[in-house]
Amino acid sequence: MARNPRIFRRWGSWLSGLMVLLTTLLVACGGAAPPAPADTPAGVSPTRAPTATVSIAQPTPTRVVPVTSAKDRITVVTAGEPVSMDMWDSRCSGNIEHMACRELAQDPLTWIDGSSFELVPLSGIESWEQREPHVWRFKLRPGIKFHNGEPWNAAGAKLGIDFNGDGKHGGGFTVHSFISGAVVDDLTVDVTCQNAKRENNPCPIFPRTALNTSFQAPQWWNSATPEQRARISYGFGPYKITGWDAGIKLTLEAYADYKPNKAYDSQAPWIKNVTQVWRQEALVRAAMVTTGEADWADNVGFENVTKVPQGIQSGSNEMYTLVADTIWHPELKKKKIRMALAHAIDCPAMVKALYDGRNECIGNISQPGTLGINAQNSKPYEYNPTLAKQLLKDGGYDPANEIRIHAQIGRVYRNGELLEAVVGYWKEIGVTAKLVTWEPAQYADGRSSGCGRFTGQPGYAEKMDCGARNPPAPFNASTHYYAVPTSNESLDYQRQGILRLSCFGINSRVCDPALEKKIEEAAATPLGDLRKQRLEELAQIAYDEYYFITFFHTQVVYGAAKNLEWKPRYDPRIRVNTMRFK
């Protein structure tokens with residue numbers, strides 16, 4: 001593996017010709033005209049994303065033909081196998097391999113339209129309104145049932161809201177912090193936003209941050225064992241899970257009682273049966289689509305675009321990032337060591353060699369266009385190995401303390417080669433470094449073993465003494481650096497403040513009570529100049545403290561059968577109910 005920018009430049013020379021061909025082919029594919037914004041039900045005050053700079057390679061089309069598909073079965077292939085079907089388990093992550101327990105079986109509390117960036121409801125919600133600075137009221141749609149037949153009502157909504165807002169379950173907390181539900185009547189529920197001490201806290205953009213707040217059939221969930229919950233999920237989304245053969249396949253079928261709403265992503269499924277399989281190698285995934293063994297494949301790689309019937313390129317709203325353990329690793333606690341490691345990496349050389357410059361280097365963990373990101377707090381760190389060596393000396397680096405990168409290989413295209421190159425750069429400045437590969441379950445356990453695991457323990461909300469405690473389960477050790485493609489669908493830096501900078505985030509390796517106060521303050525600020533200023537300050541602190549080494553905003557090439565009609569969203573959310581065979 002190349003570990004030197006000179007070698008990267010030689011790679012770039014032979015890759016460039018191939019990438020020129022790729023560009024020609026992708027441009028030739030064209031794209032449909034953008035649709036009109038989705039209709040908004042009465043009572044809903046849509047909040048537009050605070051930016052208009054995010055682009056989508058292939059805009060979402062408006063359905064204008066009857067609900068028919070030339071085939072009623074589809075096989076999708078992902079890079080990894082899912083770890084859990086329990087949407088309230090942190091191991092059911094935002095990665096594409098977990099589409100079954102998230103986007104297929106679930107319709108969350110709110111949704112962001114992939115073209116207009118407007119807030120829209122999916123099947124379970126009629127409308128919402130803000131009652132107080134810290135309280136939002138949601139009206140539920142009548143006649144909705146979970147996959148097992150249980151009725152959707154305010155009691156079931158409260159259960160999901162409470163679990164998604166307790167800091168330990170589900171993905172909702174990572175965007176909006178603590179919340180709790182209250183039943184108003186059978187089809188009305190109030191959501192109250194709180195801080196870590198369970199005091200009321202204003203949440204002016206809550207509906208925009210509620211897209212990961214999900215629900216499961218309450219009677220079943222309360223009576224099921226953890227093992228049963230991990231094997232299946234009963235939501236009320238467009239597909240229901242029918243079987244999971246570990247290591248082999250996962251199957252789903254269209255939910256016959258699904259109630260479409262006006263949103264594009266809330267349409268009835270075209271295709272009845274879905275099978276998910278997984279293969280780590282991009283070339284293998286591409287070959288499966290070419291031979292007809294699969295109909296859709298995640299992340300087939302730029303150079304394999306000519307090997308699939310359709311190669312569809314799109315941004316994914318994911319920033320590929322190294323998250324530093326600033327709590328428990330003896331070297332990464334030291335800012336100058338983190339600085340040295342960042343300045344030792346020549347990101348442009350790696351991107352040119354491995355991606356022909358298609359992924360643009362960036363210095364923060366949300367894409368440009370996110371509220372809070374500006375030119376100053378997102379510029380790439382300078383490649384300066386001389387400075388890096390001096391910083392190691394000034395910071396008191398101890399080479400006996402190995403610095404590892406933990407990663408799930410294949411989740412991001414060519415990330416194995418990329419991270420091996422990073423290890424090579426670090427070794428060149430005298431760092432003891434190594435790349436360690438995690439299987440999906442290890443990855444899920446590792447990344448979620450952060451400070452937020454102490455939430456709820458007596459005194460923690462007041463002390464926030466994460467560094468005084470041993471690393472928590474399920475990993476029970478320092479994660480050194482862990483590599484993650486981190487997304488921010490809300491397009492607001494509040495998400496990254498709560499997810500990766502907070503003492504109460506299970507993915508966080510940062511805990512600073514002064515910073516915690518700034519995160520809470522920014523989240524409580526209404527949209528406007530002051531909110532923008534406070535979020536920019538959070539992003540600047542993350543940048544100045546070198547809490548993360550971010551490489552690029554990922555671009556993905558999906559592979560698809562020739563007759564499969566599908567357009568990607570701006571984020572890594574796959575709704576198979578929007579696919580059909582022509």
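## The largest cavity

β15 gives the most to the lining of the largest cavity, with four residues. The model is a predicted one. Its largest cavity has a volume of about 320 Å³. A total of 25 residues line this cavity. Ser93, Gly94, Arg447, Arg495 and Asn507 are the closest to its centre.

By class, the lining of the largest cavity holds eleven polar residues, seven nonpolar ones and seven charged ones.

## The second largest cavity

The structure holds ten cavities of 30 Å³ or more. The second largest cavity has a volume of about 240 Å³. Its lining is made of 22 residues. Those closest to the centre are His176, Ser177, Asn201, Ile498 and Ala523.

Which elements give two or more residues to the lining of the second largest cavity? They are α4 (173-176), β7 (188-194), α5 (206-209), α15 and α16 (513-523). The largest share, four residues, comes from α16. By class, this lining has twelve nonpolar, eight polar and two charged residues.

## Helix α17

Helix α17 covers residues 529-544.

Several residues of α17 are buried, among them Arg531, Glu536, Leu538 and Tyr543. Leu535, Ala539, Gln540 and Ala542 are buried as well. The cover over the buried residues of α17 includes α15, α16 and β16 (548-560). After α17 comes Tyr546, with a positive phi near 55 degrees.

## Strand β10

Strand β10 runs over residues 273-278. Is β10 largely enclosed or largely open? Five of its six residues are buried, so β10 is largely enclosed by the rest of the structure. Buried here means under 20% relative accessible area.

β10 pairs with two strands named here, β1 and β9. With β1 (residues 73-78), the pairing is parallel and has six bridges. Thr78 has Trp278 of β10 as its bridge partner. With β9 (residues 249-254), the pairing is antiparallel and has four bridges. There, Leu250 has Gln276 of β10 as its bridge partner.

Definitions and conventions:
Residues numbered from 1 in each chain as written. Predicted model: local features only at pLDDT ≥ 70, side-chain atom pairs only at ≥ 80, totals over all residues. Heavy atoms only, no water. 1 Å grid on protein atoms, 1.4 Å probe; cavity = no way out; pocket = protein on both sides within 12 Å on 5 of 7 lines; lining within 4 Å. Points joined across faces, edges and corners; volume = space filled by probe spheres on them. Nonpolar A, V, L, I, M, F, W, Y, C, P; charged D, E, K, R; others polar. Expected span 1.5 Å × (residues − 1). Buried < 20%, exposed > 50% of the residue type's maximum accessible area, 1.4 Å probe, protein only. Contact = heavy atoms within 4.5 Å. Pairing = 2+ DSSP bridges.
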